[in-house]
Amino acid sequence: MTILTKIIEAKKVEVARLKQSYKLADQLRTTPIYSFIERCEQNQGLHLIAEFKRASPSKGIINAHLDPVEQAQTYQSLGASMVSVLTDQQFFSGSFADLEKVRKSVQLPVLNKDFIIDKIQIDRAYRSGADVILLIVASLDETRLTELYHYAKGLGLEVLVEVHNERELEQAQTLGARLIGVNNRDLKTFEVDLAVTERLAQLINHDREILISESGIQSKADIARVKQAGARAVLIGETLMRATNLQETLKNIFI
Ligand SMILES: O=C(O)c1ccccc1NCC(=O)[C@H](O)[C@H](O)COP(=O)(O)O
């Protein structure tokens with residue numbers, strides 16, 4: 001069983017529990033939706049999506065001690081255009097409490113990084129203050145992907161559709177997705193290869209689609225490479241979570 005399959009199996013259990021316990025009326029959204037797409041349209045430069053991620057299946061514990069609010073505020077002060085928050089507990093040591101705290105502490109779009117397979121998770125993301133949700137093409141059949149995509153859009157959320165190969169990219173494009181995340185990490189083998197961004201970038205309609213290069217970005221050379229390929233944003237987690245001096249790290253790698 002691949003790690004993605006394991007995560008999705010665990011999500012099915014989580015969703016079943018959520019359906020028993022989560023009442024929509026419990027928590028209404030009061031914050032406005034911050035648009036990441038508008039930011040990209042207003043500023044043609046390369047955007048940073050900075051991630052809060054304590055742990056991951058490929059790396060184990062990355063940094064268990066950081067405070068999500070301090071980290072997110074530092075990301076904001078250093079010029080990030082969006083903060084990504086992992087909310088999966090079992091595999092990434094994240095939580096919706098992290099997301100809610102981050103939402104309250106920054107004036108930036110917040111991406112809910114999770115493995116969404118059901119509308120109820122979108123309701124929870126929306127009510128927790130997320131502005132953008134992630135849909136991973138590899139983890140959904142076409143009908144469910146389409147249903148979840150339109151459901152989220154109907155709530156006013158933006159949707160980052162994540163792909164790793166040509167077939168998945170075609171599905172994202174058929175949906176009409178504007179935010180397309182190319183994951184450089186193969187979620188079956190954990191192998192990271194920036195050539196995935198370079199390859200798929202050639203198939204992107206750069207006039208309408210916003211290409212986000214995700215995972216494995218560690219250096220100025222990596223950023224230059226994906227930018228050269230046509231990426232409009234980079235999503236960086238581990239490199240920022242391990243940095244002892246975030247300002248220095250970003251100065252050194254971000255162009
Ligand atoms: O990071 C993992 O090990 C992982 C494993 C299985 C599914 C998803 C996984 N990561 C989620 C992500 O998309 C990354 O956190 C994100 O792209 C940032 O990557 P990085 O900069 O390499 O931390």
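1. The ligand is surrounded by 19 residues, the closest being E51, S58, K113, R185 and S215; a residue counts here if one of its heavy atoms lies within 4 Å of the ligand. This is a predicted model, in which local features need pLDDT of at least 70 and side-chain atom pairs count only at pLDDT 80 or more, while totals for chains, interfaces and linings use all residues. Residues are numbered from 1 along each chain as its sequence is written, and side-chain values use heavy atoms, with hydrogens and water left out.

2. A polar side-chain atom of K113 is 2.5 Å from a ligand oxygen, a side-chain N or O atom of S215 is 2.7 Å from one, and a polar backbone atom of G237 is 2.8 Å from one. The protein covers 98% of the 510 Å² of accessible area that the ligand has on its own (Shrake-Rupley method, 1.4 Å probe).

3. Helix α6 (a DSSP run of H or I, at least four residues) takes in residues 142-154.

4. In α6, L145, L148, Y149 and A152 are buried (under 20% relative accessible area, with exposed meaning over 50%; 1.4 Å probe, protein chains only). These buried residues line one face of the helix, because they fall within an arc of 105° seen down its axis, taking directions from the axis to the C-beta atoms. On the other side of α6, T143 and G154 are exposed.

Terms used. Helix = DSSP H or I, 4+ residues; strand = E, 2+ residues; numbered from the N terminus. Expected span 1.5 Å × (residues − 1). Polar contact = N/O pair within 3.5 Å; in protein donor to acceptor, adjacent residues only side chain to side chain.
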